[in-house]
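User: I would like a close look at one part of this model. Please keep the answer brisk and give the cut-offs behind each term.

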Amino acid sequence: MASLPSSQEDGKYTINIINSKIETVVIGDGNSVSNYCRCLQYPEHSTVSGSSRTTTRRTAVYHDGGERRRIKRKQTKIRFPQRKFWGNCKLPSKNISDESDEDSYYSRCGPEIFPSVSGERNCAFEKSMKRFHIILNKLHPLRDSGNFEDFTSIADGMLMNSKGDLELELLILLEKSVIVSYQNDLENAEAMVLEALSKLKNSEAEVEMRDYLLTMAHIYLTGTYRRQYKHGKADSTIAVADQVLPKSQNETARFVKALILYEMASNLTIYINSVPLRLSVRKKLVEQSKHYMRQCIDLSIELDGGNLYIKKHHFGLLKLASLDLNCGTRAAREQITSDKCIADAQTCLRAVQEKYEDEMSEGQKIQFLGAKSDLNYRLGEFQAAQSEASQALSLAETLGFNLEIIPIREKLEDISKLITSTEMMSLEPSLEEGSANSLSSSTVPSERNFSCSSGCEME
């Protein structure tokens with residue numbers, strides 16, 4: 001073991017390290033470091049018993065031969081600097097008790113010998129995040145395409161290969177809950193998310209992606225409440241998701257933020273369609289919903305093609321069209337929609353068709369056909385509306401998107417009645433001019449879709 005030359009003046013120790021390789025350094029109580037020739041530096045998280053060395057944020061205390069020396073510091077790290085020198089000239093030694101240029105002096109030290117706790121955790125977190133990406137990239141395309149059997153098979157295979165992995169178990173449970181909700185088993189979907197939240201809360205194991213899993217759970221729970229028309233619960237739950245989302249600008253945080261914005265907009269849309277509202281309130285909520293959805297679309301477009309599968313901009317454009325067309329419920333179809341709303345919806349649908357038609361999943365096709373049916377309904381083209389709604393229904397039944405089936409069937413019933421009514425009217429004998437005028441001002445469906453009968457954008 002090599003010793004370091006030192007000198008003592010007035011109770012102060014000066015250690016000189018000059019162009020030498022350190023084989024072993026013994027510090028205080030015998031804690032040793034071997035084979036390092038740059039500098040020694042303790043990480044902030046290392047601790048030693050108080051009998052030999054104590055460190056605090058501002059003060060380091062050493063015990064040496066019965067004497068104790070206290071040095072005020074701005075950092076918690078204890079370093080033994082080894083200074084460079086140039087040529088053969090010897091540099092004057094630096095007394096580490098001097099504080100005047102301590103920061104600049106220590107800044108010349110090399111990296112820490114020991115990996116810090118935060119460094120190890122960052123490494124583990126990055127590993128968990130990469131796995132998070134891989135799993136979602138495998139499962140979400142299958143989910144959107146309605147390939148639920150392959151989805152379940154792959155998810156179960158992942159669990160079998162990683163038994164006892166709580167983080168993976170929770171993520172798979174959450175993803176499965178979405179499939180169950182698509183199949184219209186909403187109570188079971190809610191129970192699955194609550195089970196995941198309970199396990200996450202009560203777990204003593206380290207879960208690197210805890211905050212993200214907590215956020216995803218509240219997003220999926222919001223979707224379940226929304227589909228159950230529990231507007232208040234959905235609103236409070238998505239607020240929790242937004243609060244617990246890690247405040248980061250990394251790709252995963254922005255991906256999850258896009259999901260939050262999508263749920264915020266969708267929940268407002270369902271509320272608008274299902275609750276009678278005053279015109280001014282409705283208009284305000286419509287604009288708020290559109291604002292959230294446009295933010296979601298912009299973020300999703302930005303992320304598309306990156307490390308995470310995301311197609312919320314496809315669904316978002318379809319949601320904007322549906323919001324303008326206002327055909328989501330029987331009551332909504334009885335309301336007036338303006339020319340501007342119809343034109344805006346046409347713009348959204350044209351964008352989807354021109355930009356994303358080739359990459360549409362089967363689930364997106366159901367939404368697209370439904371929106372096109374709504375557009376033709378508002379235009380008074382009932383035969384076309386019926387055809388597109390029938391295609392959407394057939395696709396939903398084939399793939400098992402049971403959540404979509406009942407609303408489409410109701411829409412088809414209404415369209416069928418309108419077609420029958422229109423055909424019967426065309427067979428009636430010509431009426432006098434006054435009678436014709438009274439019919440034109442009554443509730444003929446095609447006449448209800450133009451702004452001339454209403455001065456507002458949407459009612």
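Is Thr224 buried or exposed, and what is its relative accessible area? Please also describe the helix packing around that part of the chain.

Analyst: Thr224 is buried, at a relative accessible area of 2%. Buried means under 20%; over 50% is exposed and anything between is partly exposed, with a 1.4 Å probe and protein chains only.

First, the ground rules. This is a predicted model, in which local features need pLDDT of at least 70, side-chain atom pairs count only at pLDDT 80 or more, and totals for chains, interfaces and linings use all residues. Numbering starts from 1 along each chain as its sequence is written, and side-chain values use heavy atoms, with hydrogens and water left out.

Thr224 sits in helix H6. Helices are DSSP runs of H or I with at least four residues, strands are E runs of at least two, and both are numbered from the N terminus. Leaving aside residues up to four places away in sequence, Thr224 touches Leu186, Ala189 and Glu190. A contact here is heavy atoms within 4.5 Å.

Now the helix itself. H6 (residues 210–227) packs with H4 (residues 166–182) at about 15 degrees, and their axes are 10 Å apart. H4 is therefore roughly parallel to H6. Under 35 degrees is roughly parallel, over 145 roughly antiparallel, 65 to 115 roughly perpendicular, and the rest oblique. The axes are lines fitted to C-alpha atoms, for helices over the stretch in contact, with angles from 0 to 180 degrees between N-to-C directions.

H4 and H6 cross in a left-handed sense: the near helix is turned anticlockwise from the far one by less than a right angle, while clockwise would be right-handed. On the H6 side, Leu213, Met216, Ala217, Tyr220 and Arg227 make the contact. H4 contributes residues including Glu167, Leu170, Leu171, Leu174 and Tyr182. By class, this contact holds nine nonpolar, two polar and three charged residues. Nonpolar covers Ala, Val, Leu, Ile, Met, Phe, Trp, Tyr, Cys and Pro; charged covers Asp, Glu, Lys and Arg; the others, Gly among them, are polar.

H8 (residues 251–274) and H9 (residues 279–303) pack at about 155 degrees, with axes 8 Å apart. So H8 is roughly antiparallel to H9. Their crossing is left-handed. That contact has 16 nonpolar, six polar and five charged residues.

For the chain overall, there are 16 helices and nine strands. Of its 459 residues, 44% are buried.
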